[in-house]
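Here is a brisk report on selected local features of one structure. Have the sequence and the 3D view to hand.

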Amino acid sequence: MSTTAVAAQTRVELALTLRRGESVLLTLGIPVVLLVFFSVVDVLPLPTGVTEAVDFLAPGILALAVMSTAMVSLAIATGFERSYGVLKRLGSTPLGRPALLAAKTLAVLAVEALQVVVLVAVATVLGWRPEGSALVAAGAVLLATVGFAGLGLLMAGTLRGEVTLAAANGLYLVLLLLGGMVFPLDRLPAALEAVARLLPAAALSGALDAALSAPPSVAVGPWAVLATWAVVAPALAAWRFRWE
Amino acid sequence: MSAVSVAGLVVRYGRVTAVDGVSFDAHAGEVLALLGPNGAGKTTTVETLEGYRRPDAGRVSVLGLDPIADHAELTRHVGVMLQQGGVYPGIRAREALRLFAAFYHPDHEDPDELLDRVGLASVASSTWRALSGGEQQRLSLALAVVGRPRVAFLDEPTAGVDPGGRQVVRQVVRDLAGAGTAVVLTTHELEEVERVADRVVIVDRGTVVAAGTPAELTSSGAPVEEIRFGAPAGLDTAVLAVALGAAVEEVTPGEYRVDTAPTPAAVAALTAWLAEHDLSLADLRAGRQTLEDVFLRLTGPDSHPGAR
Ligand SMILES: Nc1ncnc2c1ncn2[C@@H]1O[C@H](COP(=O)(O)OP(=O)(O)OP(=O)(O)O)[C@@H](O)[C@H]1O
Ligand SMILES: [Mg+2]
């Protein structure tokens, strides 16, 4: 794997992502708006024991941001690259698949870093005082990114570009509602809550919430769910992915 | 060793046999054109050489290697231009060329100089989506050659390119061959073949129907017993036939065929008749078939007595 090639490919992936208005809206605009709106307007139910909306929302919205980038944005971009023949064409350059994957991963992580900076700044202005361990939180984000990216690439590599667009957006909405991101899990009907806890979205917001509370903890249930998705989703994607 | 070798290649899509026993070789420094009508199997053949399709029978090799098994090694030495697409819609022309140059680092053309060479310097900051069809073709060509390939596969490099652009494409192709690259290109345009190819392989319905240099192909077959000329449409062919003592037919409006041996006397009689009637002569061809004649004879509807 040539570092020159990976660096160049990462730069282009990142530039193209930031150039797409709809992707910036999805990865930055929507999370910021949700965070500000529901922190300021008192309409959401809060989980038991939480008094300030932003304390509940901040970890959940960070989880939403990670999901938007690693799953939705990646799926849509890769799906269209596949239908435009970009992946096919890259396949006959010396770049190689591992390097392409590395570049996409680095670009996703760079966007996530930008999201974290912006969202933490906004949440701080709204009165959030994060405690706990940034390191544990970063670990959860990394693990979740692998799982989400696996899901995104699974869609992109098996469905047509437009279908990927629809599927990724649909899944985004479902996981947003069942993800403990804006709506507390314990307010869901019991059966739905049980399902939701097995999904990667709720697992990430749960893991982030535990990591960013004092004292910080590694929430075993959510981490186990994240780890499972991080293994299963990329494996499925690698198995089913069609480059043309 | 041939740079590209295809022997008895068969490729099927389900029950459709797209390529049915094609063989040819291409050598370093030569431009080989795969010429054939739509659906002849040109793209399928080239994509097999690029490693995208697996042969159902026969053997292909590029630089002595297997396009699928040795794919990673071949990518350094093979330049590819797909028939369409293959570029990020949002990428700028210069950005795309620099990206591809980085893949071949450090042995690559200078992206800015190459952009200039294909006539895209003025649209260097336009995105692919904003480029015209012909500009996209030229960028695609530039991306195929930026890595200084030893073998280049160009699928319809001049499709949708205007005359000025064609000149540019031809020059790039000739320069490439001049530097020792084996170029395999596909086209269904005869003019293109006559201008750029050293050798031609005519394919139709998955099989090779003729192969050779353009000169060999046009001088092959029976001597041509006819004169063709262009003049205003709607001439009275009956009157002309009497004057020449041979049958005259208006093949297409304004294009005529005289059924006689192309002797100087016959040509003189024809031009005299035209002069006498104060008619202009747009084109005159005696005794030599063009590649178009060969192509149409070999691939036209009349060439398949059993078919349809
Ligand atoms: N993916 C595919 N699935 C099924 N059939 C295919 C596929 N690709 C090509 N074919 C068929 O194989 C035959 C050869 O196609 P191919 O694209 O190789 O022709 P071509 O010579 O490149 O034509 P053109 O000049 O139109 O580009 C055609 O009959 C086509 O319909
Ligand atoms: Mg074709």
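B:Q83 is partly exposed, at a relative accessible area of 34%. Here buried means under 20% relative accessible area, exposed over 50%, and partly exposed in between, with a 1.4 Å probe and protein chains only.

This is a predicted model: local features need pLDDT of at least 70, side-chain atom pairs count only at pLDDT 80 or more, and totals for chains, interfaces and linings use all residues. Residues are numbered from 1 along each chain as its sequence is written, chains are lettered from A and ligands numbered from 1 in the order in which they are written, and side-chain values use heavy atoms, with hydrogens and water left out.

**Metal site**

What coordinates the magnesium ion (ligand 2)? The donors are OG1 of B:T43 and OE1 of B:Q83, at 1.9 to 2.2 Å. These two residues are 40 residues apart and link distant parts of the chain. B:T43 belongs to helix α1 (residues 42-49) of chain B, while B:Q83 sits in the loop between β5 (78-81) and α3 (93-103) of chain B. B:T43 is partly exposed, at 22% relative accessibility. Donors are N, O and S atoms within 2.8 Å of the metal (3.2 Å for Na, K and Ca); water is not among the atoms, so the site may look incomplete. Helices (H or I, at least four residues) and strands (E, at least two) are DSSP runs, numbered from the N terminus.

**Backbone**

Most residues other than glycine have a negative phi, and most peptide bonds are trans. The table lists exceptions.

| Site | Feature | Angle | Location |
|---|---|---|---|
| A:A214 to A:P215 | cis peptide bond | omega near -10° | A:P215: loop between α9 (200-211) and α10 (220-240) of chain A |
| B:H105 to B:P106 | cis peptide bond | omega near 5° | B:P106: loop between α3 and α4 (111-117) of chain B |
| B:R205 | positive phi | phi about 45° | loop between β8 (199-204) and β9 (207-212) of chain B |

Are the two arginines buried, partly exposed or exposed? B:R148 is partly exposed, at 40% relative accessibility. B:R205 is partly exposed, with a relative accessible area of 40%.

**Aromatic rings**

How many aromatic pairs are there over all chains? The count is four. In one of them, the ring centres of A:F37 and A:F38 lie 5.2 Å apart with planes at 90°, so this pair is edge-to-face. A:F37 is partly exposed, at 42% relative accessible area. A:F38 is buried, at 17% relative accessibility. For B:F100 and B:F103, the centres are 5.2 Å apart and the planes stand at 45°, so the pair is tilted. Both of these residues lie in helix α3 of chain B, three residues apart, about one turn of the helix. B:F100 and B:F103 are both buried. Rings of Phe, Tyr and Trp (its six-membered ring) pair if their centres lie within 6.5 Å; planes under 30 degrees apart count as stacked, over 60 as edge-to-face and the rest as tilted.

**Charges over rings**

The charged end of A:K88 sits over the ring of B:Y52, 5.1 Å from the ring centre. A:R240 places its charged end over the ring of A:W239, 5.1 Å from the centre. The rule asks for NZ of Lys or CZ of Arg within 6 Å of the ring centre and within 35 degrees of the ring normal.

**Domains**

Chain B is assigned domain 1 (4-218) and domain 2 (227-288). Their centres, taken over C-alpha atoms, are separated by 41 Å. The bounds come from an automatic or database domain assignment.
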